[in-house]
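Biologist: I have not looked at this one before. Can you walk me through it?
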Amino acid sequence: MSKAIPVVWSSAALRWVAAGIVVFNGFFPAVWILFTSLKTETELVQKPITWWPEAATLENYVKAFHDQPLLHYLKNSVIVATGATVLSLLVSAFAAYAIARLNLKHRQLILTCIVASSMFPLVTLLVPIFETMRALSWLNTYAALILPYVVLNLPVCTLVLVSFFQSIPRDLENAAMIDGCTRMGALWRVVVPLAAPGVFTAGILAFVNAWDEFLLALSLNSSPAVRTLPVGISLYQGEFTFPWPIISAALIVAIVPIALLIAAFQERVVGGLTQGGLKG
Amino acid sequence: MIVVYPIGKLVYNSFFDIDKTGAYIGFVHYVDVWQDPQFWNATKNTLLITLITVPGALIAGLALALLANLPFKRKWPVRLSLLLPWALPLSFAGLIFAWFFNTDYGVVNDVFQRVGLIDESVSWLLKPNWAFAAICLTVIWKTSSFMALILLAGLQMIPRSLYEAAEVDGASRWQQFWQITIPMLMPSIIVALIFRTITALQTFDIPYTMTRGGPGESTETLAMLIHKYTIDYSDIGYGSTLAVFMFLISLAVTGFYLHHIGKNAS
């Protein structure tokens with residue numbers, strides 16, 4: 001008995017400490033940036049530094065939108081990420097359907113190749129992609145980013161969709177085809193709606209990947225008209241100046257949409273991540 | 001096709017003097033790369049970052065996964081705290097941590113001074129070794145959440161009955177961890193390690209946004225060097241040659257993993 005009490009106490013306390021550590025680790029950077037974004041410039045140069053913003057102000061947000069076309073970057077990011085997501089889903093749905101349903105001879109080999117292609121170092125793709133886009137005069141267009149992002153997303157989306165498609169009974173499609181649907185019709189009317197959770201999961205992963213990408217966005221779309229958020233925000237810093245409160249405000253503006261998205265669909269995202277086993 | 005074409009194109013490019021005359025120059029770029037101190041410096045930095053951050057992220061991720069696997073009533077706060085760093089762009093992580101490590105107003109210096117670890121503010125990002133350490137720490141923070149998510153899924157697949165049986169046999173918590181948790185988690189660990197290693201070799205965003213490769217070239221990675229030659233200097237021939245080397249390094253690492261996993265599996 002004497003042993004049971006401390007064990008009970010420690011397991012409850014341990015859970016709180018554990019949750020505290022995990023939550024602190026995940027949220028502290030974003031929270032600190034939020035605090036910074038609310039501080040006035042005079043408060044920011046105080047020593048010792050303050051933690052809680054004493055006189056919270058939104059002026060950094062006004063400046064963030066004023067000093068650079070942040071709203072425009074936001075729009076560009078939404079267009080590029082949405083375009084890449086829709087196209088990725090479209091293409092990977094066909095690929096996944098073929099792998100899951102048709103009696104392909106080397107199914108395992110194809111799946112292995114898909115996984116292997118997702119390990120391909122992106123940086124080595126930079127040179128050929130840059131050359132191709134320049135040859136097509138596509139530099140500084142949305143398509144210059146959307147197309148490579150679709151290619152990058154295909155392995156992930158296909159793997160997630162294959163596992164969802166395989167979970168749908170074949171009889172349902174056969175019934176649809178007997179009722180007069182073509183194979184394509186059965187795919188779009190029966191399989192895709194039933195696999196909607198999977199399509200959704202793959203879509204979020206594709207969206208996050210495209211929203212976050214930096215190297216290609218920096219290299220291919222340098223003009224402000226098509227600049228995406230990660231590149232735009234990295235440009236707030238001048239040669240010798242770092243307007244940290246303004247950068248912080250811009251970061252918060254860029255983090256909020258993606259944070260809301262994953263907060264709303266967290267279970268799906270976790271499921272997709274572990275099924276697709278993919279990039280960090 | 002998507003994989004083969006770029007590599008062919010890279011190898012082809014690497015034999016031409018593309019930025020100036022466009023002439024075929026054979027192996028000149030290869031000789032140049034081999035004798036280029038920038039290349040060796042960037043390769044050294046890239047391999048060091050990989051060697052430090054991959055095990056670092058594995059250990060931190062395993063710790064996070066074990067903590068997150070405790071039975072909580074509400075799972076979403078913990079789950080969201082693992083998802084948020086994963087969804088955060090690498091470039092943002094670089095910017096946020098550059099602010100953390102700021103000399104005058106950074107929270108790192110503030111905390112260290114409050115606990116009495118240091119007397120004066122340290123210019124973390126202005127000193128080569130400290131800047132390198134700061135970048136490694138940022139990479140570990142950013143990538144350990146992904147590790148934790150993969151490992152957490154693996155942890156939840158381990159049947160509880162194994163632990164109950166071990167309990168009956170009188171195995172300690174520590175023994176259970178090494179004899180049940182780690183072996184059962186091995187497949188997840190290997191998957192996470194492979195993907196993390198491949199992405200670590202491509203490290204670009206975090207050092208680019210934190211230090212631009214500086215001070216000097218002390219934090220410049222191979223990916224940054226390729227970007228510099230291809231985009232900033234428009235020297236596509238040399239950039240391609242660097243990329244060929246990078247591809248060979250990635251291939252060697254992937255081959256190493258596959259070889260060892262093949263051994264383990266059989």
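Modeller: One term to start with: buried means under 20% relative accessible area, exposed means over 50%, and partly exposed is in between, with a 1.4 Å probe and protein chains only. This is a predicted model, where local features need pLDDT of at least 70, side-chain atom pairs count only at pLDDT 80 or more, and totals for chains, interfaces and linings use all residues. Residues are numbered from 1 along each chain as its sequence is written, chains are lettered from A and ligands numbered from 1 in the order in which they are written, and side-chain values use heavy atoms, with hydrogens and water left out.

Biologist: Which residues of helix 11 of chain B are buried?
Modeller: Leu222(B), Ala223(B), Met224(B), Leu225(B), Ile226(B), His227(B), Lys228(B), Tyr229(B), Thr230(B) and Ile231(B). That is 10 of the 11 residues of the helix, which spans residues 222-232, so it is largely enclosed by the rest of the structure. Ser234(B), with a positive phi near 50 degrees, follows helix 11 of chain B.

Biologist: How many helices and strands does chain B have?
Modeller: Chain B has 12 helices and 0 strands. Both are DSSP runs numbered from the N terminus: helices are H or I with at least four residues, strands are E with at least two. Of the 266 residues in chain B, 57% are buried. Its C-alpha atoms fill a box of roughly 75 × 55 × 30 Å along the principal axes.

Biologist: At what angle do helix 3 and helix 7 of chain B pack?
Modeller: Helix 3 (residues 37-68) and helix 7 (residues 128-157) of chain B pack at about 45 degrees, and their axes are 6 Å apart. That makes helix 3 of chain B oblique to helix 7 of chain B. Angles under 35 degrees count as roughly parallel, over 145 as roughly antiparallel, 65 to 115 as roughly perpendicular and the rest as oblique. Axes are lines fitted to C-alpha atoms, for helices over the stretch in contact, and angles run from 0 to 180 degrees between N-to-C directions.

Biologist: New topic. How many aromatic pairs are there over all chains?
Modeller: A search of the whole structure gives 27. Rings of Phe, Tyr and Trp (its six-membered ring) pair if their centres lie within 6.5 Å; planes under 30 degrees apart are stacked, over 60 edge-to-face and the rest tilted. The ring centres of Phe214(A) and Phe204(B) are 6.1 Å apart and the planes are at 40 degrees, so this pair is tilted.

Biologist: Where do Phe214(A) and Phe204(B) lie?
Modeller: Phe214(A) is in the loop between helix 10 (196-212) and helix 11 (215-220) of chain A, and Phe204(B) is in the loop between helix 9 (173-201) and helix 10 (205-211) of chain B, so the pair joins two chains. Phe214(A) is buried at a relative accessible area of 1%, and Phe204(B) is buried at 2%.

Biologist: And what about Phe97(B) and Trp141(B)?
Modeller: They form a tilted aromatic pair, 5.2 Å centre to centre with 40 degrees between the planes. Phe97(B) lies in helix 5 (residues 90-100) and Trp141(B) in helix 7 of chain B, so the pair ties together parts that are 44 residues apart in sequence. Both Phe97(B) and Trp141(B) are buried. They also belong to one aromatic cluster, whose members include Phe24(A), Trp32(A) and Phe100(B).

Biologist: What sits over the ring of Trp32(A)?
Modeller: The charged end of Lys39(A), 5.0 Å from the ring centre. A charge sits over a ring if NZ of Lys or CZ of Arg is within 6 Å of the ring centre and within 35 degrees of the ring normal.
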